[in-house]
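Look at the sequence and the model first, then read on.

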Amino acid sequence: MKTFRFCVSLALAALMIASSIVLAAQNPAPASAPRGNAENGRMLFAKFGCYECHGREAQGSTATGPRLGPNPIAYNRFIAYIRKPAGEMPPYTAKVVTEQQAADIYAFLQSLPRPPAAETIPLLK
Ligand code: HEC
C-alpha cells in the first residue's frame, strides 16, 4: 500500500512538472514578439504614417528617421520606443496602435529582404 501511494504521488509530481513545462511553452516570455501578420503590418506602416519618416520600406533617411529593418531592434525595445519615444518621434499609445498592430508592424520589419553580401556584388570587386 505504501509503495502504491508513493507511486501515485510520484506520478502526480511528474504530471505537475510536465504541465508546467507545457504552460511555459505556451506562454513565452513577453520579450519575444507576439505573432504578427507582415502583410497587415505593411498596410499599418503606411496607415499610421511611419513611412513618412522611416520610408516605405523602412529604409530610413538621414533627414527624417532611422532605418528600422531588416533586423529590427528587439521587440520589447521596439514596443517601448513607439509608446514613449525619446527624441523627435511622436508617441503612439495603445489606444492608437494596439499590441497586435504593433506586432504586425514588427513582423513587417522582420520580413523585409536582407541586402546581398558585399562580396556578391560584382561592381564592388
Ligand atoms: C514624424 C516622424 C516619425 C514618425 C511618423 C514615426 N517615426 Fe519612428 N522615429 C523617428 C525618429 C526621428 C526616430 C529617431 C529617434 C527620435 O528622434 O525619436 C525614430 C525612431 C524610431 C524607432 C527606434 C529605432 C532604434 O533603432 O532605436 C522605432 C522602433 C520607430 N521609430 C518606429 C516607428 C513606428 C513603428 C512608427 C509608426 C507607428 C514611427 N516610428 C513613426 C521619426 C518618426
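A polar contact is a pair of N or O atoms within 3.5 Å; inside the protein, one atom must be able to donate a hydrogen and the other to accept it, and residues adjacent in sequence count only if both atoms are side-chain atoms. Gln101 belongs to helix α5.

This is a predicted model, in which local features need pLDDT of at least 70, side-chain atom pairs count only at pLDDT 80 or more, and totals for chains, interfaces and linings use all residues. Residues are numbered from 1 along each chain as its sequence is written, and side-chain values use heavy atoms, with hydrogens and water left out.

**Overall layout**

The protein has five helices and zero strands. Along the sequence the pattern reads α-α-α-α-α. Helices (H or I, at least four residues) and strands (E, at least two) are DSSP runs, numbered from the N terminus. Of the 125 residues, 25% are buried. Buried means under 20% relative accessible area, exposed means over 50%, and partly exposed lies in between (1.4 Å probe, protein chains only).

**The iron site**

Which residues coordinate the iron atom of the ligand? They are His54, through NE2, and Met89, through SD, at 2.0 to 2.1 Å. Donors here are N, O and S atoms within 2.8 Å of the metal (3.2 Å for Na, K and Ca); water is not among the atoms, so sites may look incomplete. The site is octahedral, with angles of 84 to 179° among its six donor atoms. Six donors count as octahedral if opposite donors are over 155 degrees apart and all others between 65 and 115.

The two residues come from distant parts of the chain, 35 residues apart. His54 is in helix α3 (residues 50–54), while Met89 is in the loop between α4 (75–83) and α5 (99–111). Their exposure can be compared with the cut-offs above. His54 is buried, at 9% relative accessible area. Met89 is partly exposed, at 23%.

The ligand sits in the largest pocket. The elements that give two or more residues to the shell around the ligand are α3 and α4. A pocket is found on a 1 Å grid over the protein atoms alone: it is an open set of points where a 1.4 Å probe fits, with protein on both sides within 12 Å along at least five of seven lines. A molecule sits in a pocket if more than half of its atoms lie within 2 Å of the pocket's grid points.

How many residues surround the ligand? There are 18, and the closest are Cys50, Cys53, His54, Tyr81 and Met89.

| Residue | Atom in the residue | Distance to a ligand oxygen |
|---|---|---|
| Tyr81 | side-chain N or O | 2.4 Å |
| Met89 | polar backbone atom | 3.2 Å |
| Gly87 | backbone N or O | 3.3 Å |

**The loop between α3 and α4**

Several backbone features fall in this loop. Pro70 is there. The peptide bond from Gly69 to Pro70 is cis, with omega near -5°. Ala58 is also in the loop between α3 and α4. Its phi is near 60°, a positive value in a residue other than glycine. Asn71, in the loop between α3 and α4, has a positive phi of about 55° although it is not a glycine.

Are Ala58 and Asn71 buried or exposed? Ala58 is buried, at 0% relative accessibility. Asn71 is exposed, at 55%.

**Links across the sequence**

Phe48 is in the loop between α2 (38–47) and α3, and is buried at 15% relative accessibility. Phe48 and Val97 are 49 residues apart in sequence, with 8.2 Å between their C-alpha atoms.

Phe108 lies in helix α5 and is buried at 2%. Phe108 and Glu57 are 51 residues apart in sequence and 9.3 Å apart in space, C-alpha to C-alpha.

Pro90 is in the loop between α4 and α5 and is partly exposed at 42%. Pro90 and Cys50 are 40 residues apart in sequence and 10.0 Å apart in space, C-alpha to C-alpha.

Conventions
Four donors count as tetrahedral if all angles lie between 85 and 135 degrees; four count as square planar and six as octahedral if opposite donors are over 155 degrees apart and all others between 65 and 115; anything else is irregular. A residue is near a molecule or strand if one of its heavy atoms lies within 4 Å of it. On a 1 Å grid over the protein atoms alone, a cavity is a set of points where a 1.4 Å probe fits but cannot get out, and a pocket is an open set with protein on both sides within 12 Å along at least five of seven lines; lining residues have an atom within 4 Å of a point.
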